[in-house]
Amino acid sequence: MKKVLVGMCLAFLVLLAAGAGVIYSGVVSVAADDPHGPWVYGILETARDRSIESHASDIATPSLDDEAMKVAGAGNYASMCASCHLAPGMQETELSKGLYPSAPNFVTSDIHGEPGEHFWVIKHGIKASGMPAWGKSMQDEYIWQMVAFMQELPGMSAARYTALVAASDGHQHGGGETAQSPSSHHDDDTRQPHHAREADGPADLQDSHEPEGSHEPKENHEPKDSGRAEDHPHSSHDAEHQH
């Protein structure tokens, strides 16, 4: 019996040393464009699903049929989720193409799991997947609004989606919103809307750098426009983001 135990321990140490050697050798690829093997992906997927089920098992789900909840959730989904999980009538984005594991398209596929599990994932995120923990800045009631909206999302028409987003208050979740969000609608008097800051920006800069009454012409150090697009390598990015 003693020899068996010693043999098992030696075998374990050999496997441990071999595993450490593989890890430290750097041969294991962590590139997002190099997918896991089927058995590795299967293990990770099973661990993820069982962890979510276990942690979300005690979450009490409120009523999600209120249209106002869906409207509010649509605004936050459009601002925070659509770039990865897409939306009705929306093509793949740079993020949705580049993520691995790829973010599920909630429009074309059923949303698996219970609403409490969706709440837990949105709030806590998923490690090493690109899914953020929105609960660090998002209050629970706003997360439930997103869950309510997502229950209807699979198969939703583009017209219905557009109407819900237009009727919403945009990006709002009780604090922590980014001021740069194009869908943000802040009522806080201490902050100007994003479009207002953009409109006032040049005037504010001029007032802060030029004394009142100073109208002396400034020397122009910019090179003359040659009229050729190739002479301006960044001109294509002034209009839109291109590759």
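A residue is described here as buried when its relative accessible area is under 20%, as exposed when this area is over 50%, and as partly exposed in between, with a 1.4 Å probe and protein chains only. The structure is a predicted model, in which local features need pLDDT of at least 70 and side-chain atom pairs count only at pLDDT 80 or more, whereas totals for chains, interfaces and linings use all residues. Residues are numbered from 1 along each chain as its sequence is written, and side-chain values use heavy atoms, with hydrogens and water left out.

On the burial criterion, Cys 81 counts as buried, at 9% relative accessibility, while Cys 9 is partly exposed, with a relative accessible area of 49%. Zero disulfides (pairs of cysteine sulfur atoms within 2.5 Å) are found in a search of the whole structure. Cys 81 accordingly takes part in no disulfide, and the nearest cysteine sulfur, which belongs to Cys 84, is 8.3 Å away.

The chain contains ten helices and zero strands, where helices (H or I, at least four residues) and strands (E, at least two) are DSSP runs numbered from the N terminus. Of the 243 residues in the chain, 24% are buried. With contact taken as heavy atoms within 4.5 Å, residues 24 or more positions apart account for 61% of the contacts in the chain that have a separation of 6 or more.

Helix H3 covers residues 67–80, and its 14 residues should span 20 Å at 1.5 Å a residue, in agreement with the 20 Å between its end C-alpha atoms; the expected span is 1.5 Å times one less than the number of residues. Ten of the 14 residues of H3 are buried, so this helix is largely enclosed by the rest of the structure. The buried positions include Lys 70, Asn 76, Tyr 77 and Met 80, and the buried residues of H3 pack against helix H4 (82–85), helix H7 (140–152) and helix H8 (158–167). The N-terminal end of H3 is capped by Asp 66, a side-chain oxygen of which lies 3.0 Å from the backbone nitrogen of Ala 68.

A nonpolar core is defined as a set of buried Ala, Val, Leu, Ile, Met, Phe, Trp, Tyr and Cys residues joined through side-chain atoms within 4.5 Å. The largest such core has 27 residues, and those with the most contacts inside it are Tyr 77, Phe 149, Met 150, Leu 153 and Tyr 161. Two or more residues are given to this core by each of H3, helix H6 (115–124), H7 and H8, with the largest share, eight residues, coming from H7. When neighbours within four places in sequence are left aside, Leu 153 is in contact with Tyr 77, Pro 88, Phe 106 and Val 107.

Seven salt bridges are present in the structure, each being a side-chain nitrogen of Lys or Arg within 4 Å of a carboxyl oxygen of Asp or Glu. In one of them, Lys 70 and Glu 152 meet through their side chains at 3.4 Å, N to O, and the pair links distant parts of the chain, with Lys 70 in helix H3 and Glu 152 in helix H7, 82 residues apart. Lys 70 counts as buried at 15% relative accessibility, whereas Glu 152 is partly exposed, with a relative accessible area of 26%. Another salt bridge joins Lys 123 to Asp 140, with the closest N and O atoms 3.1 Å apart; here Lys 123 lies in helix H6 and Asp 140 in helix H7, 17 residues apart. Lys 123 is partly exposed, with a relative accessible area of 23%, and Asp 140 is likewise partly exposed, at 33% relative accessibility. Through salt bridges that share partners, Glu 67, Lys 70, Glu 152 and Arg 160 form one network.

His 173 is located in the loop between H8 and helix H9 (194–209) and is buried, with a relative accessible area of 2%. The side chain of His 173 reaches the backbone oxygen of Ser 137 at 3.1 Å, and a polar contact of 3.1 Å joins the side chains of His 173 and His 171. A polar contact is a pair of N or O atoms within 3.5 Å; within protein, one must be able to donate a hydrogen and the other to accept it, and residues adjacent in sequence count only if both atoms are side-chain atoms. Not counting residues up to four places away in sequence, His 173 touches Asn 76, Met 80, Ser 137, Met 138, Gln 139 and Tyr 142.
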